[in-house]
Amino acid sequence: MSNSHIFLGEVIGTAVLILMGGGVCAAVTLKRSKAQGAGWLAITFGWGFAVLIGAYTSSSLSGAHLNPAVTVAIAVKTGDWSHVPLYIAGQLVGAVIGATLVWVTYLGQFNENDEPTLGIFATGPEIRNPVQNVLTEIVGTTVLCLLILTQGLNKELGLSGLGILITSFTVVGIGLSLGGPTGYAINPARDLGPRLVHALLPIPKKGDSDWSYAWIPVLGPVLGGLLAGAIYNGAFA
């Protein structure tokens with residue numbers, strides 16, 4: 001697996017992930033969308049399908065991490081940190097591209113927007129309590145990363161087709177069971193890249209990008225990835 005394959009695979013896979021995941025948030029939220037008001041169930045399944053499509057698209061190139069927390073967890077498991085910066089760089093670039101494509105796809109709806117739109121791009125807590133919010137992200141990310149670490153990675157760190165399907169259903173389950181408090185970022189790139197795009201795009205009445213909260217969906221998932229790697233090494237290795 002070359003450096004160029006890793007970078008391109010993570011850019012493409014994460015862009016597809018954020019396009020499909022952010023797309024369901026836009027579909028459910030924006031006025032004059034046919035899916036407006038479809039609710040939390042549609043969002044959780046939409047993000048699950050987003051993982052499925054993004055991972056299948058990129059798995060042959062990079063192994064489809066698509067998430068800095070997953071990359072960190074795998075590095076803890078294997079002890080190989082040499083490609084971690086490259087993976088994370090690709091994931092962040094892909095997240096920015098994916099969020100921008102959401103805006104392009106729903107441009108007409110965004111241009112007629114009259115409400116805050118940050119929830120389409122990034123997560124936010126229902127009850128703002130930084131300690132609880134970080135813990136929620138740690139718990140959800142640990143569940144995700146531990147599932148990935150224990151389902152059988154091949155020697156190139158790539159997931160099998162069945163593994164991708166299992167991971168996708170796990171993301172749906174995390175959203176349904178653990179996503180209520182914070183919106184379940186469980187992926188620093190999923191939140192940081194789209195939040196940056198929200199801050200830069202000329203969306204009418206889009207509201208604040210809430211940068212005071214931005215560190216939580218970054219720190220929590222990274223800690224969750226570290227914890228999952230430590231649990232794997234302590235219990236399964």
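Colleague: How many helices and strands are there in the protein chain, and what counts as one?

Modeller: There are ten helices and zero strands; helices are DSSP runs of H or I with at least four residues, strands are E runs of at least two, and numbering starts at the N terminus. Before we go on: this is a predicted model, where local features need pLDDT of at least 70, side-chain atom pairs count only at pLDDT 80 or more, and totals for chains, interfaces and linings use all residues. Residues are numbered from 1 along each chain as its sequence is written, and side-chain values use heavy atoms, leaving out hydrogens and water.

Colleague: Why is Arg32 called exposed?

Modeller: Exposed means over 50% relative accessible area, buried under 20%, and partly exposed in between (1.4 Å probe, protein chains only). Arg32 has 64% relative accessibility, so it counts as exposed. Arg32 lies in the loop between α1 (3-29) and α2 (40-62).

Colleague: What joins the side chains of Arg32 and Glu112?

Modeller: A polar contact of 3.0 Å; the term asks for a pair of N or O atoms within 3.5 Å, where within protein one must be able to donate a hydrogen and the other to accept it, and residues adjacent in sequence count only if both atoms are side-chain atoms.
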